[in-house]
Amino acid sequence: MQKYSVFSLIKNALTNHQNWDVVWRDPEPKKEYEAIIIGGGGHGLATAFYLAKYYNMKNIAILEKGWIGGGNVARNTTILRSNYMHDANSLFYDHGMQMWKDLSQELNYNVMYSPRGILNLAHSDAQLNAYARRGNSMRLNGIDVSLIGREEVKKMIPFADFTSNARFPIFGGLLQPIGGTARHDAVAWGYARAADDMGVDIIQHCEVNGFDIENGKLTGVQTSRGNIKTKKVGLCVAGSTSLLAEKLNMNLPMEAHVLQACVSEPVKPLLDGVVTFGAGHFYCSQSDKGEMVMGGDLDGYNSYAQRGNLPTIQHVLTEGVALFPNLSRLKILRTWGGVMDMSMDGSPIIDKTHIEGVYLNCGWCYGGFKATPVSGLTFAHTIANDTPHDLSIPFRLDRFNTGHLLDEKGLGTKTWIS
Amino acid sequence: MLEIRCPYCGNRSQNEFAYGGDATIKRPELNTEVTDQEWDNFVYYRKNPRGNHLELWHHISGCRQWFKVHRNTATHEILKTLEMKENL
């Protein structure tokens with residue numbers, strides 16, 4: 001692999017950028033692989049990369065029905081955080097936050113990791129108390145976080161509505177300084193390039209149509225580009241998980257829902273961190289291009305369409321304008337949607353299945369992007385050792401039978417009430 | 001925007017409705033032996049189809065009736081709406 005550095009940039013600038021290597025190969029599928037990862041999104045690419053890097057597997061393929069990084073890794077709002085209350089979640093996601101710090105160096109690809117801070121606003125005393133509780137819980141798990149008052153919030157985001165007319169006055173907030181953003185496409189491309197460099201075959205436009213199973217053991221997968229033998233397959237297909245599970249005769253505790261996000265026209269630097277509105281579901285950050293990146297609720301009905309409807313956008317932006325009145329002067333540039341694999345307790349599932357050699361990585365709801373490195377690492381461990389990683393033991397599928405649910409929000413099984 | 005035909009009020013905008021989830025889930029019968037697996041299936045496990053889906057909606061800002069909607073989850077097309085007592 002051609003190493004990216006300031007020197008390679010200068011060298012290639014002198015030759016009009018005509019001599020850059022191809023970033024990853026476009027190989028034909030082989031007859032057999034040691035392991036196959038289905039899904040060339042962030043989690044699938046990261047899983048293959050860590051399998052090759054730490055678990056000494058070299059003969060791996062990633063099968064992607066579309067193209068690399070064209071699904072949810074391209075559709076999220078790029079936010080990194082680990083502000084969860086339950087131990088299992090905070091330890092898992094914070095391990096991920098530590099991995100983000102060195103990811104650009106590890107991949108030799110700039111993922112534009114930017115720990116600019118994430119601020120959850122509170123709009124009542126009760127909400128501030130709840131944040132104090134969550135902050136304390138995070139601190140007990142060694143995560144830096146602080147509870148800040150209205151005056152400190154005002155210094156950070158003076159353009160929020162601090163007037164006496166504010167519909168939801170700001171009482172304070174919970175600030176995680178290490179939270180922030182990373183460039184989502186770069187994460188997919190960086191993992192793809194690094195995995196390809198370690199010999200992983202990235203096979204695009206290759207859809208999995210079925211599985212070959214003999215005596216409860218996986219022997220291969222049937223794809224649109226022929227049958228491929230393998231003893232291990234990992235599913236990293238997010239919103240399509242139930243569709244592949246159906247081919248395995250499995251039902252999952254999961255529903256597919258569409259989540260939309262949008263960006264405004266670009267403006268000069270306004271907001272340097274990530275801010276979440278506490279009186280509804282609205283959050284906002286500013287991209288490096290200057291667009292205000294905004295998101296909120298699910299559309300709220302089962303959907304496999306990668307597009308949603310305007311009432312949700314209107315609802316989310318109404319909340320946005322209640323928080324930041326100056327947003328009302330901006331035009332919306334783009335809206336889009338992605339299919340979320342909403343699990344029944346709001347937490348992911350990383351596990352093996354009752355079929356030997358079939359592994360599941362799903363149920364990320366709308367929070368999968370930040371977990372890309374740690375999901376890849378723990379899933380690679382699960383596939384390689386046929387046993388869960390210490391960090392992902394709480395995310396086993398059997399929690400829905402034993403009752404050890406990880407319901408951070410306490411919403412129960414109404415996955416669409418986000 | 002979805003336009004949903006409430007069986008009682010006719011075509012109304014999506015804004016007036018609340019979603020109620022999969023309408024095909026059946027609670028295990030009372031006064032029968034229910035295994036843990038049957039109970040888990042009822043509470044957590046869903047077919048989650050890509051295609052036609054029978055689901056519950058509530059006309060919460062209208063007549064406040066619950067009813068069933070047969071809708072395609074890939075295209076969002078609404079094929080039919082039914083009263084609760086009706087079956088497809």
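## Basis

The model is predicted: local features need pLDDT of at least 70, side-chain atom pairs count only at pLDDT 80 or more, and totals for chains, interfaces and linings use all residues. Residues are numbered from 1 along each chain as its sequence is written, chains are lettered from A and ligands numbered from 1 in the order in which they are written, and side-chain values use heavy atoms, without hydrogens and water.

## Aromatic pairs

Over all chains, the structure holds 19 aromatic pairs. Rings of Phe, Tyr and Trp (its six-membered ring) pair if their centres lie within 6.5 Å; planes under 30 degrees apart are stacked, over 60 edge-to-face, the rest tilted. Tyr50(A) and Tyr54(A) are stacked, because their ring centres are 5.8 Å apart and their planes stand at 5°. Both sit in helix α2 (residues 42-54) of chain A, four residues apart, so about one helical turn separates them. Helices (H or I, at least four residues) and strands (E, at least two) are DSSP runs, numbered from the N terminus. Tyr50(A) is buried, at 0% relative accessible area. Tyr54(A) is partly exposed, at 46%. Buried means under 20% relative accessible area, exposed over 50%, partly exposed in between (1.4 Å probe, protein chains only).

Phe400(A) and Tyr44(B) form an edge-to-face pair, 5.3 Å centre to centre with 65° between the planes. Phe400(A) lies in helix α11 (residues 399-402) of chain A, and Tyr44(B) in the loop between α1 (36-43) and β4 (52-58) of chain B, so the pair joins two chains. Phe400(A) is buried at 1% relative accessibility. Tyr44(B) is buried too, at 13%.

## Cluster and charges over rings

One aromatic cluster is formed by Tyr84(A), Phe92(A), Tyr93(A), Trp364(A) and Phe395(A). Lys370(A) lies over the face of Tyr93(A), 4.9 Å from the ring centre. The charged end of Arg193(A) sits over the ring of Tyr4(A), at 3.6 Å from its centre. A charge sits over a ring if NZ of Lys or CZ of Arg is within 6 Å of the ring centre and within 35 degrees of the ring normal.

## Helix α7 of chain A

Helix α7 (residues 184-197) of chain A has 14 residues, which should span 20 Å at 1.5 Å a residue; its end C-alpha atoms are 20 Å apart, which agrees. The expected span is 1.5 Å times one less than the number of residues. Just after α7(A), Gly199(A) takes a positive phi of about 100°.

The helix is mostly covered, with 12 of its 14 residues buried. Among them are His184(A), Tyr191(A), Arg193(A) and Asp196(A). The cover includes α2, α3 (87-101), α4 (103-107), β9 (201-203) and α10 (372-385) of chain A.

## Domains of chain A

Chain A is assigned domain 1 (23-78 + 184-253 + 345-402) and domain 2 (112-180 + 255-340). The bounds come from an automatic or database domain assignment. The C-alpha centres of the two domains lie 31 Å apart.

In contact (heavy atoms within 4.5 Å) are 10 residues of domain 1 and 16 residues of domain 2. Together the domains bury about 1,100 Å², 57% of it on carbon and sulfur atoms. On the domain 1 side, Arg75(A), Thr77(A) and Tyr366(A) lose the most area to domain 2, together 53% of what that side buries. Buried area is the accessible area (1.4 Å probe) that two parts lose on being put together, summed over both.

## Chain B

Chain B has one helix and six strands, in the order β-β-β-α-β-β-β along the sequence. Of its 88 residues, 42% count as buried.
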